[in-house]
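User: I am new to this structure. Please show it, and then we can go through a few questions.

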Amino acid sequence: MDRFTRNYSITLGLILIVFLGWALYEDPLVADLNALLEQDSDVAAYPYRFQVLALHDGVAMMSSPRSSDFPVYRALGILFPPLANRAQDNPDLMQAQQDLARVQKRAMAIVLESGKAKRVRWELDRDWLSRHGVQVGL
C-alpha cells in the first residue's frame, strides 16, 4: 500500500469513528429519563414509545404521535388499525383517545417528577410516522 492510500485510509477511518461516536451518543440525563419511562408499566405497555429526545435548560423535548399538524384520530388509526376508519365520535375511538392522553400525561409526570426537567415540550414524532408511511408537512 502506498503512502497516500495508507494516509487516506487512516483519515477516512478516523472520520468514520468520530461520526459513529457522534451518531450513537445519547446524553446520560436523556438516557436516565428514557429508562424511567421504560420502567413504568403503563407507559411501557402502550403501543407508542414515548421518549425524551433532548434536555436543554430544564426543558425536556418529548416525542408524541400526535400534534396540531397530525390529528389524534389518525395517530390512533396507526396505533390501533381496527380504529383506522371509524368516525371521530365513535366510542372506541374516543376511549382510545382518552387512553392516549392518560399515558402521555403519565409520561410527562414521570419526566417532571424526576427533577431533571422543569417542563416538557412535545414534538411530533415524524420518524415514527414516516416508518408507518405517513408524511407530514414541515
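User: Which residues do ring pairs link into a cluster?
Analyst: This is a predicted model: local features need pLDDT of at least 70, side-chain atom pairs count only at pLDDT 80 or more, and totals for chains, interfaces and linings use all residues. Residues are numbered from 1 along each chain as its sequence is written, and side-chain values use heavy atoms, with hydrogens and water left out. Rings of Phe, Tyr and Trp (its six-membered ring) pair if their centres lie within 6.5 Å; planes under 30 degrees apart count as stacked, over 60 as edge-to-face and the rest as tilted. The cluster linked by such pairs consists of Y46, Y48, F50, F80, W122 and W128.

User: How many aromatic pairs does the structure hold, and what kind is the pair of Y48 and W128?
Analyst: The number of aromatic pairs is 5. In the pair of Y48 and W128, the ring centres are 5.2 Å apart and the planes are at 85 degrees, so this pair is edge-to-face.

User: Is F50 buried or exposed?
Analyst: Buried means under 20% relative accessible area, exposed over 50%, and partly exposed in between (1.4 Å probe, protein chains only). F50 has 3% relative accessibility, so F50 counts as buried.
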